[in-house]
Amino acid sequence: MNAIPTILWLEDPNVFAVNRLPAHSDHHYYETKEEAKNKNEMKWRYSLNGNWKFCYSNNPTSRPERFYEAEFSCDGWGDILVPGHIQMQGYGKPQYVNTMYPWDGIEHLRPPEISKENNPVGSYVKYFFLPENMKNKQVYISFQGVETAFYVWLNGEFIGYSEDSFTPAEFDLSPYIKAGENKLAVEVYKRSTGSWLEDQDFWRVSGIFRDVYLYTFPEIHAYDVKINASLEENYTKGNISVDLKLNSNNGTGKLILEDRNGFVIASTSFQLDEIGKCQIDTPFLWSAENPYLYNLYIELYNKKGNLVEVVPTKIGFRKFEMINKLMCINGKRIIFKGVNRHEFHHRKGRAIGEEEMLWDIQTLKRHNINAVRTSHYPNQTLWYELCDEYGIYVIDEMNLETHGSWQKMGAVEPSWNIPENKKEWLPIVMDRAVSMYERDKNHPSILIWSCGNESYAGEVILEVSNYFRKEDPTRLVHYEGVFHNREYNDTSDIESRMYAKPVDIEKYLKEAPEKPYISCEYMHAMGNSLGGMHKYIELEQKYEMYQGGFIWDYIDQSIVKKDRYGNEYFAYGGDFEDRPTDYGFCTNGIVYADRSLSPKMQEVKFLYQDYKLITNKKGVTVKNESLFSDIKDYFLQYTLYFEGKETYRKTVELSIEPNKEKYVEFNLPDSILSEFGEYSIITSLHLKEDKLWAKKGYEIAFGQTIFRVGEKQINRTTIGNPLKIVEGDVNIGIHGKDFTVLFSKQMGSLVSLQYEGREMIASPPQPSFWRATTDNDRGFSQEYTSGLWFAASLGRKCIEVDFEQHEESAKVSFTYQFSISQTLRVRIEYLVHKNGSLTVKSIYSGAEGVPPLPIFALVFKVPAEYEYLKWYANGPQENYSDRSMGAKLGLFSNRVTDNLSNYLVPQESGNRTGVRKLCVTNSNGKGIEIESTILPLECNVSPYTAFELENAKHHFELPNIHYSVITIAGKQMGVGGDDSWGAPVHQEFLIDSSKEIIFEFTLSKC
C-alpha cells in the first residue's frame, strides 16, 4: 500500500484499480451449517450502511483536500445516507442524457480527458468501532457500488483507488485498522476515465449507492468459489465440480447436496488442494419455467478435523448451448420473452433495495416475462439470486457503453470511438469483464454474457468476448455493436439488433443466416407506445432462428421533484436545470417509476403467454407452448357473457404436456344462447395453488371469441310522445317529454341537450382530426407531417344547414368546409327520436393531397360532475387499433381521471376500441349513454382536450378540471412503437385521408 494517490489517476486509462483485491464470487459463508440453512446474518460481516458525514464540492479545487487526516474535524459537516446517490439527497443535481456525453457543448474533451472544473466531489467520512469478533484478524472492506471513481483512506493512511461503478471494489484494511474508533474517509468523483465508458441511457449521478461492509474470515476461508453444475447423457446425469481459492489448503473439504426439501442426496469429501466433485442421476433441471434449485453446502475443516467454515450455495442443473444454430436450454429451443431493466427508483435512483427487487421479479413472472437483460451494467447480487429462485433468464451485461464516441445525432461517425482497437483501453475494459464474470459466474439464471452496449466494435471488445468464451464455455456471448462493423462479427455468438423493423428481421431470417436472432432492444415503449408488438411475436412461430427479444424497457426513469407550490411531480431530463439533456427520453417503461403498472403491460402479458387459448363458440384449443411445464398447475375456466354480463361459468381440470395441444368442448346448457344479441366467451388459465409470485386463482393466460345470435332490433321511432318542433330564425328546438334539443344555425352545431332539466352539452360537438401528440408521434414529426389536421380541428366553416321534419323524428344536418382542402367536407347528421335519443352520423368525404389522419372523431364537453364511466368495450386498460390484442371485451367501469395515463409528458391516452356502449354519469347515475349502431367505435373520456394536453409538458401544467371531454371516433391511428425517433405506425393502422369514413352512434339519457 505504498502508492501515493494523485488526482491524475482520474484521467489515466491505465490506472483504474490501486490496491484493489482480485474479483471473486459473491457467496456467503458461516461458522455452522445451521446458520447457513437459517440464512442468519453473517457474523463475519459488519455493515457500514447508514449515516456518514459528508461534504459536497462543485469541483476538485474546492474540495477539503486533507479531510482524510485523522485529526481533521468533520463536526460541521452534514450527513448523507449510504447507500444513496449524492444528487438524490440534496447535493448538486442529477442530469439526464442519452447518447451524448454530459459535458457535450460545455467543454471540448476527448478521451481520456476529464473536466478540471465540472467534476463534483463527495467527501465521505464514517467513524466506527471494530466489532469484537474482528479484532486481531485480517479485516477487509467491500464497496458494492460507487459511481464513478473513488479514493479510500483509513485513519489517515491511503488504502486504495477504484473505478467501475457497478461491480465491487474491495481493499485490505488490516495494516491500519485499530481496536478503538476508526476514521474511514472516501472521496468520490463524478467524472473519471470510467465516465467515458459509462455513457448509458440513464441519469448521471454519483456517490456510494450500494452496500458497504467490513468482513473477515476464519482460519481457512474460500475467498472464491467456482461451481460447475453440468449435465451429460441426454441431460439425465448431473455433475458438480467445486473449485476453491483458499487462504490455506491445510485441511479437508466436504460437499453436501440437498434437494429443496432438505434431504441429502449426495455427499463427498475432498482435499482442499483438489477440486471437489459429486454426481447425481436424473436431477431435476433448472429453467425459468421450473427453477429447481439444490442446496449445496461446502464445509471446510482444519487439520484437526474441526469445522471452520460453511459456504451455502444454490445450484441449478441446466445446459445452455447452440444446437443446429439454435439457442437451446436443456435441449429445447428457447424464446426470450424479455425486457431490458435498469435498476431504478423514483426517489432513490439506482440505489434500490430488496423491496423493489421483489416487486419487480413478481411483476415479471405475473406478466409472462421470462428474461431480463441487465441494461447496461451488472446489477446487485440479490437480483441474480432472485432470478435463480423465481426463474428468469438473464443476459448479464458488463458496464460498458461509449455511445457518444461513435454515434452523433443518429449518424455513425466513429472517428474517435473508444475502445475500438486502442490497446491502452484494453486493461480497463477487460477489468470490467473480469469483475462481472468472477462475481456472477455461479448463477444458473445467467445464460449469456454481454460485452456491453453500443460501443461500436473493435479488437478490444473482441478480446473481451474471447475471454468470456475461454473462461466459461457453458454460456454464450452477446454483443450487438458488430451490426455497425461486420469486420468483428465473431464478437457475438448471436445476431442481435436494436429496433429493426419486422420486415428487416424477416429479410435476415430468409437469407440462410449463420446465427440465431434476438432483438436485444425492441418496442421502444416511450409514453403511449407498444403498438404493433404482435408483429414481432409472430416471427417466433414463423422462423425457428428468431428467438425473441427484450422490450426497451422495464421502468420509467423519472425522479420525484416539487413544483413551485411544493407539490410533488414526476420529473424528467431538464427539470433540474440540467443541461445538456435529452428531456423525456428517459421514460420508456412498461412500469411507471413509482412501480405501478402502465396500461402497456396488458398487451405484454397477453403476447408473452406460453399458453395459447384459441376459442370459438363451441370450445377451445389449448396450446401448451412451454418447453417443460405440464399445464396441470392451472385450471381452465370458461365464462359466457351476454352483452358483457356473465351468464355462465365453468372450470375444467386438464393436463397438457409441453408442445402439445388439446381441444376442450364447452358444455353449455341448450337454452343459454336463446336471447338475440352479442355473446362472448372468455377462456382463461388460473393458478391452482399459491406460487412465489402470485396467489391461487391468478390468471396467467386468456383467449376469447365474440359472436352474435340473431339480430337485436331496437325500434326508437314508436316510443315516446310526439315531438314539438320550434324553428326560429337562429335556432331549431326539438322538444319531447323530459328532454330538449337545441341546434344553432349560427353556431353550426348542436348546442343544447337537456334531459330532465339537466344540460349535457357544455361545449358543442365538433369534428376533430387531431389527437394529443404521443411521444412516438413527436419522434415521427407528426406535428410537421400532419399539422394541417391540428389547424382543421381548431377551425371550420359551416356551409350548409339542413332540416327535415318527419312524423316520428326530426333531422338536422351540418356540413363543414376546411381551409386545408377545397374538396374536403364533413357532414354531421342528428336524427332526434320521440324518446329523446339522437342518432348521430358523421361522414368524412375524403380528400386528395392531404396527409394521413391522426383521428376522425366528434368531440364535445359535458360538465365535470359527469365523471363516472361504464363501458361495454375492449378493456379494462386503454387500448388502440395496434395495441388491443391483450384487451378483453366486457363491462368495465372507471372514472374520467383514470383515463389520463401517467405518461410523463401529457399525451393521448385512455382510448378504448370496440366500444359498443358507454355511459357517462354523475354520482346519482344520471347522464348520457353512447351506443354504436353500425360498427364498434373508439371512445375516450378525458379531463382535458387534445389541445390542453398538447400544450402541457408536465401534468402539473394542466389546468384545473372543469369538464369531461368526450371523444367519439370512427377511427384513430395506432400508437406505434418500433422506435420513438422516426418509425411510422404500421401501414394497416394508419388512416387513409383520401377515403370516405362514416361512423354512427346514438345519444340517449342514462
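The model is predicted.

Helix 3 covers residues 354-366, 13 residues in total. At 1.5 Å a residue, a helix of this length should span 18 Å. Helix 3 is followed by Asn368, which has a positive phi, near 65°.

The buried residues of helix 3 are Glu356, Met357, Asp360, Ile361, Gln362, Thr363, Leu364 and Lys365. These buried residues pack against both helices and strands. The helical partners are helix 4 (381-390) and helix 9 (601-607). The strand partners are strand 26 (336-340), strand 27 (371-373) and strand 44 (699-709).

Gln362 illustrates the buried part of helix 3. Its relative accessible area is 18%. The cut-off for burial is under 20%, so Gln362 counts as buried. With residues up to four places away in sequence left out, Gln362 touches Tyr390, Leu692 and Trp693.

An open sheet is built from 3 strands in the order 23-24-25, with antiparallel pairing. Strand 23 (320-323) and strand 25 (332-333) form its edges. Each has a single partner strand, so one side of each lacks a neighbour in the sheet. Strand 24 spans residues 326-329. Strands 24 and 25 pair in the antiparallel sense over 2 bridges. Cys328 stands opposite Arg333 in strand 25.

Nonpolar side chains tend to be buried together in soluble globular proteins. In this model, the largest nonpolar core has 136 residues. Phe468, Met533 and Ile551 have the most contacts inside this core. Helix 5 (residues 426-440) gives the most to the core, with 7 residues. The contacts of Met533 include Ile551. Met533 also touches Tyr522, Met523, Val604, Leu607 and Tyr608, again not counting residues up to four places away in sequence.

Empty space left between atoms can be found by rolling a probe the size of a water molecule over them. The count comes to 4 cavities of 30 Å³ or more. The largest cavity has a volume of about 90 Å³. Its lining includes the charged residues Glu147, Lys190, Arg191, Glu198 and Arg204. Pro102, Trp103, Thr148, Ser195, Phe202 and Val205 also line this cavity.

Key:
Residues are numbered from 1 along each chain as its sequence is written. This is a predicted model: local features need pLDDT of at least 70, side-chain atom pairs count only at pLDDT 80 or more; totals for chains, interfaces and linings use all residues. Side-chain values use heavy atoms; hydrogens and water are left out. Helices (H or I, at least four residues) and strands (E, at least two) are DSSP runs, numbered from the N terminus. The expected span of a helix is 1.5 Å times one less than its number of residues. Buried means under 20% relative accessible area, exposed over 50%, partly exposed in between (1.4 Å probe, protein chains only). Contact means heavy atoms within 4.5 Å. Two strands pair if DSSP finds at least two bridges between them. A nonpolar core is a set of buried Ala, Val, Leu, Ile, Met, Phe, Trp, Tyr and Cys residues joined through side-chain atoms within 4.5 Å. On a 1 Å grid over the protein atoms alone, a cavity is a set of points where a 1.4 Å probe fits but cannot get out, and a pocket is an open set with protein on both sides within 12 Å along at least five of seven lines; lining residues have an atom within 4 Å of a point. Grid points are joined across faces, edges and corners, and a volume is the space filled by probe spheres set on the points.
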